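Open the structure in your viewer and keep the sequence panel beside it. This tour tells you what to select next and what you will find there.

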Amino acid sequence: MKALIQRVQSASVDIAGERHGEIGAGILLLLGVEKTDTRSNADKLLQKILNYRIFADSEGRMNLNLQQQQGGLLIVSQFTLVADTAKGLRPGFSKGATPQQGEALYQYFVDQARAQHPDVATGRFGADMQVGLINDGPVTFLLEV
């Protein structure tokens, strides 16, 4: 399971021209699910994201996590994160979860996030989405479990 997290001043996702989810300051999370991923992977990744210290403390150091910052979390499925790009000029997706497995783990991840954090918004699994953000920093990390 891979997560590309971006510290944002704001982020939103639109589907078919309508706003589906949005947050103020917080984390935009692009989530990729591989076929070997499990709920245990999702649990570990969520804990890492909620506790990853990427927000500035009073001295300007990255010392605060999302929960301490009381920021929003926008979760967007992103199957291209798990692409194999090592060879050639076209990405391969053999490592990616099936659509059924990917959607089930994505929904599990979202449900767990909502149970543990008060400000969670989402995209829609498998939808054609337009994601907007104001990256703060920019601060971007790729997390894997």
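**Stop 1: Asn 65**

Select Asn 65. Is this residue buried or exposed? Asn 65 has 9% relative accessibility. Buried means under 20%, so Asn 65 counts as buried. Bear in mind that you are looking at a predicted model.

Now find where Asn 65 sits. It belongs to the loop that runs between β5 (62–64) and α2 (66–69).

Show the side chain of Asn 65 and the backbone of Gln 68. A polar atom of that Asn 65 side chain lies 2.7 Å from the backbone nitrogen of Gln 68.

Which residues does Asn 65 touch, leaving out those up to four places away in sequence? Select Leu 50, Asn 51, Tyr 52, Arg 53 and Phe 55.

**Stop 2: Val 33**

Move to Val 33. Look for it in the loop between β3 (26–32) and α1 (39–51). Val 33 has a relative accessible area of 9%, so it is buried.

Next, bring up its contacts. Not counting residues up to four places away in sequence, Val 33 touches Met 1, Val 82, Gly 96, Ala 97, Gly 102 and Leu 105.

Pick the C-alpha atoms of Val 33 and Ile 5: they are separated by 15 Å. Along the chain, these two residues are 28 residues apart.

**Stop 3**

Most residues other than glycine have a negative phi.

Select Ala 16. Its phi is near 55°, a positive value in a residue that is not glycine. Ala 16 is in the loop between β1 (2–15) and β2 (18–23). Is Ala 16 buried or exposed? Its relative accessibility is 73%. Exposed means over 50%, so Ala 16 counts as exposed.

Now jump to Gln 70. Phi of Gln 70 is also positive, near 55°. You will find Gln 70 in the loop between α2 and β6 (72–77). Gln 70 counts as exposed because its relative accessibility is 71%.

**Stop 4: a cis peptide bond**

Most peptide bonds are trans. Zoom in on Gly 137 and Pro 138. The peptide bond from Gly 137 to Pro 138 is cis, with omega near -5°. Pro 138 itself is in strand β8 (residues 129–144).

**Stop 5: the whole chain**

Zoom out and switch to a cartoon view. How many helices and strands does the chain have? There are 3 helices and 8 strands. Trace them along the sequence and you get the pattern β-β-β-α-β-β-α-β-α-β-β.

Now look at the overall extent. Along the principal axes, the C-alpha atoms fill a box of roughly 45 × 35 × 35 Å. A compact globule of 145 residues would have a radius of gyration near 15 Å. The chain has 15 Å, so the two agree.

Colour the chain by burial. Of the 145 residues, 42% are buried.

Turn to the contacts. Take those between residues at least 6 apart in sequence: 72% of them join residues at least 24 apart.

Last, colour by charge. The chain has 14 positive and 15 negative charges.

Methods: Residues numbered from 1 in each chain as written. Predicted model: local features only at pLDDT ≥ 70, side-chain atom pairs only at ≥ 80, totals over all residues. Heavy atoms only, no water. Helix = DSSP H or I, 4+ residues; strand = E, 2+ residues; numbered from the N terminus. Buried < 20%, exposed > 50% of the residue type's maximum accessible area, 1.4 Å probe, protein only. Polar contact = N/O pair within 3.5 Å; in protein donor to acceptor, adjacent residues only side chain to side chain. Contact = heavy atoms within 4.5 Å. Rg over C-alpha atoms; globule rule 2.2 N^0.38 Å. Lys, Arg positive; Asp, Glu negative; His and termini not counted. Charge placed at Lys NZ, Arg CZ, Asp CG, Glu CD.
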